[in-house]
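Colleague: I would like to learn how to read a model like this one with you, one feature at a time. Could we begin with charged side chains and then move on to the strands and helices?

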Amino acid sequence: MSGRDNIIIYACDCSNEALERANKMIEVSNVGSVAHRFHLFHYDFSTSGFPKWLACDSCKGHFLQKQHDQFSDAEENKDISLNNSSSLRESNCCTGGVDFVTLIFTLSAAPLHRMPAVIRECFFVLKPGGLLLFRDYGLYDMTMLRFEPDKRVGFREYMRSDGTCSYFFCTDTVRDLFTGSGFNELELEYCCVKSINRRTGKSMHRVWVHGKFQKPF
């Protein structure tokens, strides 16, 4: 953010503690131009949609109309789309959607049956052509192998001691979730990392799933 003055970040979490930590990190950065472009809000988007000020119903409808117009040769429809876009900017009804969404070790904490709704919300707030950047726990990650059998609550789904869920993805599941919500797949792969704890000397074998998905223009 310090290198690009035109970047604005909206960050949400259902944990007040996480938001407080993020806010302190911005405060100690001592970069005055960053604070007013970093916006935190408390929200659990696995249970409800994003707030309307991020992308209102009119803007979401405009995004869908714009996608439809890409497949239409009718100049009349294109003129309508441009006029709607101009009026939305003038009305200041919301932020107008976002260019990027990051789901970094986030989706795995949502119950499996709610994941499609979470991804659809991300799809709707993205502008056409926007990117979703994904990274999360992969199948047979070290943390999965350490869970006791009684912590398993579903297929590849476990319950942590603090009551939060932890799901471990394979690439096929990730592909089905995102393409099923309308995204185009750009990148999808496993990231296998071996790290060593310098204090204890223990090696840790991590398996993550990395993906980049795009909302169609």
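Modeller: In this predicted model, the side chains of R206 and D141 meet in a salt bridge, with 3.0 Å from N to O. The pair joins distant parts of the chain, since R206 belongs to strand β9 while D141 sits in the loop between β4 and α6 (142–146), 65 residues apart.

Colleague: Are R206 and D141 buried or exposed?

Modeller: Buried is the word for a relative accessible area under 20%. R206, at 16% relative accessibility, therefore counts as buried, and D141, at 0%, counts as buried too.

Colleague: Which residue forms a salt bridge with K127, and how far apart are the closest N and O atoms?

Modeller: A nitrogen of the Lys or Arg side chain has to lie within 4 Å of a carboxyl oxygen of Asp or Glu. K127 meets that condition with D99, the closest N and O atoms being 3.8 Å apart. Here the link runs between strands, with K127 in β4 and D99 in β3, 28 residues apart in the chain. K127 has 28% relative accessibility and so counts as partly exposed, and D99, at 44%, is likewise classed as partly exposed.

Colleague: Which residues are linked in a network of salt bridges?

Modeller: The network is made of D172, R175 and E185. Within it, E185 forms a salt bridge with R175 in which the closest N and O atoms are 2.7 Å apart. That pair connects strand β8, which holds E185, to helix α7, which holds R175, across 10 residues of sequence. E185 is partly exposed with a relative accessible area of 32%, and R175 is partly exposed with 29%. A search of the whole structure finds 6 salt bridges.

Colleague: Turning to the strands, in what order do they stand in the open sheet, and which ones are at the edges?

Modeller: As a general idea, strands of a sheet pair through backbone hydrogen bonds, either parallel or antiparallel. The open sheet here has 4 strands in the order β3-β4-β9-β8, with mixed pairing. β3 (98–104) and β8 (184–196) each have a single partner strand, so one side of each is left without a neighbour in the sheet. Neighbouring strands are turned by 15 degrees against each other on average, when direction is ignored.

Colleague: How many bridges join β8 and β9, and in which sense do these strands pair?

Modeller: β8 and β9 (residues 203–214) pair in the antiparallel sense over 12 bridges, and I196 has S203 of β9 as its bridge partner.

Colleague: Which helices lie across these strands, and at what angles do they run?

Modeller: Helix α5 (residues 115–125) lies across β3 and β4 (126–137), running at about 145 degrees to β4. Helix α7 (residues 171–179) lies across β3, β4, β8 and β9, and its angle to β8 is about 145 degrees.

Colleague: Which residues make the nonpolar surface patch?

Modeller: I8, Y10 and W53 make a nonpolar surface patch of about 280 Å². W53 lies in the loop between β2 (38–42) and α3 (57–70), and its 39% relative accessibility is why W53 counts as partly exposed.

Colleague: How far apart are N16 and Y43, in sequence and in space?

Modeller: N16 and Y43 are separated by 27 residues in sequence and by 9.5 Å in space, C-alpha to C-alpha. N16 belongs to helix α1 (residues 16–28) and, at 49% relative accessibility, counts as partly exposed.

Note on methods. Residues are numbered from 1 along each chain as its sequence is written. This is a predicted model: local features need pLDDT of at least 70, side-chain atom pairs count only at pLDDT 80 or more; totals for chains, interfaces and linings use all residues. Side-chain values use heavy atoms; hydrogens and water are left out. Two strands pair if DSSP finds at least two bridges between them. Helices (H or I, at least four residues) and strands (E, at least two) are DSSP runs, numbered from the N terminus. Axes are lines fitted to C-alpha atoms, for helices over the stretch in contact, and angles run from 0 to 180 degrees between N-to-C directions. Contact means heavy atoms within 4.5 Å. Patches are made of residues with over 30% relative accessible area and no salt bridge: like charges are joined within 9 Å, nonpolar side chains (Val, Leu, Ile, Met, Phe, Trp, Tyr) within 5 Å. Accessible areas come from the Shrake-Rupley method with a 1.4 Å probe; for residues, only the protein chains shown count as cover. Buried means under 20% relative accessible area, exposed over 50%, partly exposed in between (1.4 Å probe, protein chains only).
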